[in-house]
Amino acid sequence: MTADTPLPLPAGLRERVLDASRRARPPGRALPETPDISPVEVFERAADAFAGALSALDDAHWRRPVLRDLDVQGLVGHLIGVEDDVRRALAGDPAVAAADHVASTQPTAVGQSGRAPASTRRDWRRSADRTLALLRDADPDGPVALHGLHLPLGALLVVRAFELWTHENDVRAAVGLPGSVPDPSALRRMSDLAVRLLPVGVARVGTGTSVPVDLHLVLTGPGGGTWDVTFGRPADQGSGGGEGVTIVADTVGFCRLAANRIRPDQLAPFVSGAVAHADRILAGAAALALD
Amino acid sequence: MESTDSLHSARLSAGDDRALAEVFDAVAPAVHTTARRVLGDAAAAQDVVQDVFVDLWCHPERYDETLGSLRTYLVIRARHRAHDVLRSELRRWAREERHGRSVPPPHAPSPGEQVAAAETASAVRDAVRLLPPDQRSVVELAYFGGLSYREVARHLGIPEGTAKSRMRLALARLEALLDRQLLESS
């Protein structure tokens, strides 16, 4: 043996070290730890951030084209319409359960044309505040049906936070302001929801295989964590035994993908294992279109 | 994404224990060998390996990729940790010598722990005896006498910086001596 030759590792040392590590810090949660916040808080923070972005606009900015055929003012009008529909959904109005997200809000969106931007901004803030007032005493686990989504209220509010964050950044891009990122606590809720909805997105694009796929997803940076998701196998049959693929990606990038604002190739993930499944899984994330 | 080290660092922060297993498989032999060569003792070296990897898992932010590779970082951590153990062992041995009796352990050691502790103490004791006189006197005053660097310097009539440098040389020499003992025993 020479001084440069590594000594053989003692038997059992690997298991001992990994077990001790997992006891010291349970896997799955990102560091630094972020405080848990409620779905209402996630939505409220997204609304406040959106309001902050609107307050930075001058009148000319409100006329900038931003999304579909809408200018910034029309997009804010669309969001006023969404708040109206959310409150109807909370009241159990079946008319909004299957309504189309765009068509249902289009009259409010186009109705902003010719109004003073300050009036549109004030109306949206009031509408969001009225929604928040209704949420204070609502059951976060209670089912809500809105625009084809059937989700517990808590999950719906995180979807709404996705929508506000995405449109906030649509507006920022349209007027040349720098993009924004939710705080880590909100981002953790958003990334967790996107991952839990991932099987829905993958089902939309098709798994493309008859064998189960076990995804180990690692989202890095603030608000991230790790998740294990199985596709192509009934939920009650557990996980494991499928073809394993690991995807490592930036948390904010993954959320932008789930909001359909970047393409999978723009995410630039690290992929290992059964890499052939990664493209379809990431296409499934984009198919969630949480905008 | 970025370099392998950068990716592992990000995965560790995300809580990915598979990344920890990958880093262990890649670097643990070097970490273990470093600890073993400093300490000479198998059980103490395994404790150092565990300390180094648990610390990496719980505090991945302490690794700064701009300062070097993850492998280098972990080997240096192992070396420092092993030196800490070595110093602690020197102090314990010195206390025992000063009091002329064994310090009661905080808990009843198992037969295996007794053997490991005796092996470590014996190896350290033998290595100290082989130090050059000027280095040995600094070690004996600092660890046997419980003196500070300043007090050691005053006692020997040398500058404090000289006392510190002799102690550094002594520890390096101890490491080499213990390493040689390990090589000869394996």
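Reply: Let's start with two words: helices (H or I, at least four residues) and strands (E, at least two) are DSSP runs, numbered from the N terminus. Just after one of those runs, helix 1 of chain B, B:G15 takes a positive phi of about 90°. This is a predicted model, in which local features need pLDDT of at least 70 and side-chain atom pairs count only at pLDDT 80 or more, while totals for chains, interfaces and linings use all residues; side-chain values use heavy atoms, with hydrogens and water left out. Residues are numbered from 1 along each chain as its sequence is written, while chains are lettered from A and ligands numbered from 1 in the order in which they are written.

Me: What makes up chain A?

Reply: Chain A has 10 helices and 8 strands. Of its 291 residues, 48% count as buried. Among its contacts with a separation of 6 or more, 73% are between residues 24 or more positions apart; here contact means heavy atoms within 4.5 Å.

Me: Why is A:A53 called buried?

Reply: A:A53 has a relative accessible area of 3%, so it is buried. This residue is found in helix 2 (residues 39-55) of chain A. Leaving aside neighbours within four places in sequence, A:A53 is in contact with A:E168 and A:R172.

Me: Where does helix 1 of chain B lie on chain A?

Reply: Helix 1 of chain B lies across strands 5, 6, 7 and 8 of chain A, running at about 95° to strand 5 of chain A. Such angles run from 0 to 180 degrees between N-to-C directions, and axes are lines fitted to C-alpha atoms, for helices over the stretch in contact.

Me: What makes strand 6 and strand 8 of chain A edge strands?

Reply: Two strands pair if DSSP finds at least two bridges between them. In chain A, 4 strands form an open sheet in the order 6-5-7-8, with mixed pairing. Strand 6 and strand 8 (270-273) each pair on one side only, and that puts them at the edges.

Strand 5 (residues 213-220) and strand 6 of chain A run antiparallel and are joined by 7 bridges, with A:V213 opposite A:F231. These two strands form a hairpin with 4 residues between them, and A:G221 in the turn has a positive phi of about 90°. Strand 7 (residues 243-250) and strand 8 of chain A, also antiparallel, share 4 bridges; A:I247 has A:V271 as its bridge partner.

Me: Why is strand 6 of chain A described as largely enclosed?

Reply: 6 of the 7 residues of strand 6 (residues 225-231) of chain A are buried, so the rest of the structure largely encloses it.

Me: Why are helix 6 and helix 7 of chain A called roughly perpendicular?

Reply: Under 35 degrees counts as roughly parallel, over 145 as roughly antiparallel, 65 to 115 as roughly perpendicular, and the rest as oblique. Helix 6 (residues 153-175) and helix 7 (residues 184-205) of chain A pack at about 110°, with their axes 10 Å apart. The two helices are therefore roughly perpendicular. The contact includes A:F162 and A:W165 of helix 6 and A:M190 and A:L193 of helix 7.

Me: What makes the pairing of helix 7 with helix 8 of chain A oblique?

Reply: Helix 7 and helix 8 (residues 251-258) of chain A pack at about 55°, with their axes 10 Å apart, and they are therefore oblique to each other. Residues that meet include A:L187 and A:L198 in helix 7 and A:F254 and A:C255 in helix 8.

Key:
Buried < 20%, exposed > 50% of the residue type's maximum accessible area, 1.4 Å probe, protein only.
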